[in-house]
Amino acid sequence: MSPEHPLYPIRTVAELTGVNAVTLRAWERRYGLINPHRTPKGHRLYTQANIELIREVLALLDRGMPIGQVSRYLEQQQRGIGEAAGTARQDDWKSYQQRLIQAIIDFNEQELDAVYNDALALYPIDVVTEHLLTPLLRKLGERWRSHPGGIAEEHFFSVYMRNKIGARLHHQPTRQGGPLLLCACLPGEQHEMGLLLFCLAAANHGYRFINLGADTPYEALGYALDHTPVEAVLLSGSAPAQANPLDRTLHQFISHSPVPVMVGGKIAEMHHDEILGLGATPLGADTPTALRRMMAIVQQRREESGR
């Protein structure tokens, strides 16, 4: 390894790109997408060109291209043939979603594991969240309102995902000095799945967080804020609670907060202007978009404070 042509171990590449080591190995074995160097002991070492290629693959996946089409697309690009990535089929995600829904209907945790783990072996968690989990949660919400067993199905999947996300977060390597977030659901909000998915996506980008979970009173938020050196507060809500959470108490909390306050989830779309008027930033319900907005705000604040 030379300063002009450095080589990076797989753990470093995972931190730089947000793609975990298991997924990088799967891309190499199944699709031949990345071809790292090998040490005499067989350890993978990646070049800067490998890292740029990984980021290109991520961009294609973000635009909806199935992983099985990426290698062929890249080869065509190199030969000057190419095709519009935006026209890529969504067959992979539809298949995953149909299999997950059937497993939920059957209350089959083993099949849930098989489908979920297969998706995560091929795609980063951010992509899985955007193209599989978020649309699936919307469908389950529709079944919850219209199907006799919808409540049981939604609870079954929520408990399963809470356990899965909790395990991933527990084993997620903590980046020393990463921005610390205070996260919680608004008062009256019992659905914390969107918040958990956001925390997992943020953790993959080096963020740390304190998660207070569902139905958090503003008094508890204020206490935590006074006792922790957080750089931002993220509140989540899927719909207005019986007592509107966007009230004077929230305005008082925002007014006294020394750090930016952001609101994500469906409520941030339904009450966009009202949230702005209270002095907070609405992030919306789309996890990748909300994550990018949050990161931009935290980064700007860090630059202004010279951190």
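Leaving aside neighbours within four places in sequence, with which residues is Ile-67 in contact? In this predicted model, Ile-67 is in contact with Trp-27, Tyr-31, Leu-33, Val-57, Leu-61, Asp-92, Leu-122 and Tyr-123. Ile-67 is also among the residues with the most contacts inside the largest nonpolar core.

**Overall chain**

- The secondary structure of the protein chain consists of 14 helices and eight strands.
- The protein chain has 307 residues, of which 47% count as buried.
- Among contacts with a separation of 6 or more, 69% are made by residues 24 or more positions apart.
- The protein chain has an accessible surface of about 15700 Å², and carbon and sulfur atoms account for 51% of that surface.

**Nonpolar cores**

- The largest nonpolar core contains 51 residues, and those with the most contacts inside it are Trp-27, Ile-67, Val-70, Tyr-123 and Phe-157.
- Helix α7 (residues 125–146) supplies the largest share of this core, namely seven residues.
- Another core lies apart from it and has 22 residues, including Leu-180, Leu-186, Leu-235 and Ile-275.
- Two of the residues with the most contacts in the largest core, Trp-27 and Tyr-123, are also in contact with Ile-67.

**Helix α1 and Thr-17**

- The buried residues in α1 are Ile-10, Val-13, Ala-14 and Thr-17.
- Viewed down the axis of α1, these buried residues fall within an arc of 105°, so they line one face of the helix.
- An α-helix has 3.6 residues a turn, so residues three or four places apart point the same way.
- The cover over the buried residues of α1 includes β1 (8–9), α2 (21–31), β3 (44–46) and α3 (48–62).
- Thr-17 lies in helix α1, which spans residues 10–17, and has a relative accessible area of 11%; because the cut-off for burial is under 20%, Thr-17 counts as buried.
- Not counting residues up to four places away in sequence, Thr-17 touches Ile-51, Ile-54, Arg-55 and Leu-58.
- A polar atom of the Thr-17 side chain lies 2.8 Å from the backbone oxygen of Val-13.
- A polar atom of the Thr-17 side chain also lies 3.3 Å from the backbone nitrogen of Val-19.
- Gly-18 follows α1 and has a positive phi, near 80°.

**Aromatic pairs**

- The count of aromatic pairs comes to six.
- Tyr-116 and Tyr-160 form an edge-to-face pair, with 6.3 Å centre to centre and 80° between the planes.
- Tyr-116 belongs to helix α6 (residues 109–122) and Tyr-160 to helix α8 (residues 150–171), so their pair ties together parts that are 44 residues apart in sequence.
- Tyr-116 is buried, with a relative accessible area of 2%, and Tyr-160 counts as buried at 5% relative accessibility.
- Tyr-160 also forms an aromatic pair with Phe-157; this pair is stacked, at 6.4 Å centre to centre and 25° between the planes.
- Phe-157 and Tyr-160 are three residues apart in helix α8 and are therefore separated by about one helical turn.
- Phe-157 counts as buried at 2% relative accessibility, and Phe-157 is among the residues with the most contacts inside the largest nonpolar core.
- Trp-93, Tyr-96 and Tyr-123 are linked into a cluster by ring pairs; Tyr-123 is likewise among the residues with the most contacts inside the largest core.

Note on methods
Residues are numbered from 1 along each chain as its sequence is written. This is a predicted model: local features need pLDDT of at least 70, side-chain atom pairs count only at pLDDT 80 or more; totals for chains, interfaces and linings use all residues. Side-chain values use heavy atoms; hydrogens and water are left out. A nonpolar core is a set of buried Ala, Val, Leu, Ile, Met, Phe, Trp, Tyr and Cys residues joined through side-chain atoms within 4.5 Å. Buried means under 20% relative accessible area, exposed over 50%, partly exposed in between (1.4 Å probe, protein chains only). Helices (H or I, at least four residues) and strands (E, at least two) are DSSP runs, numbered from the N terminus. Contact means heavy atoms within 4.5 Å. A polar contact is a pair of N or O atoms within 3.5 Å; within protein, one must be able to donate a hydrogen and the other to accept it, and residues adjacent in sequence count only if both atoms are side-chain atoms. The arc is that of the directions from the helix axis to the C-beta atoms. Rings of Phe, Tyr and Trp (its six-membered ring) pair if their centres lie within 6.5 Å; planes under 30 degrees apart count as stacked, over 60 as edge-to-face and the rest as tilted. Accessible areas come from the Shrake-Rupley method with a 1.4 Å probe; for residues, only the protein chains shown count as cover.
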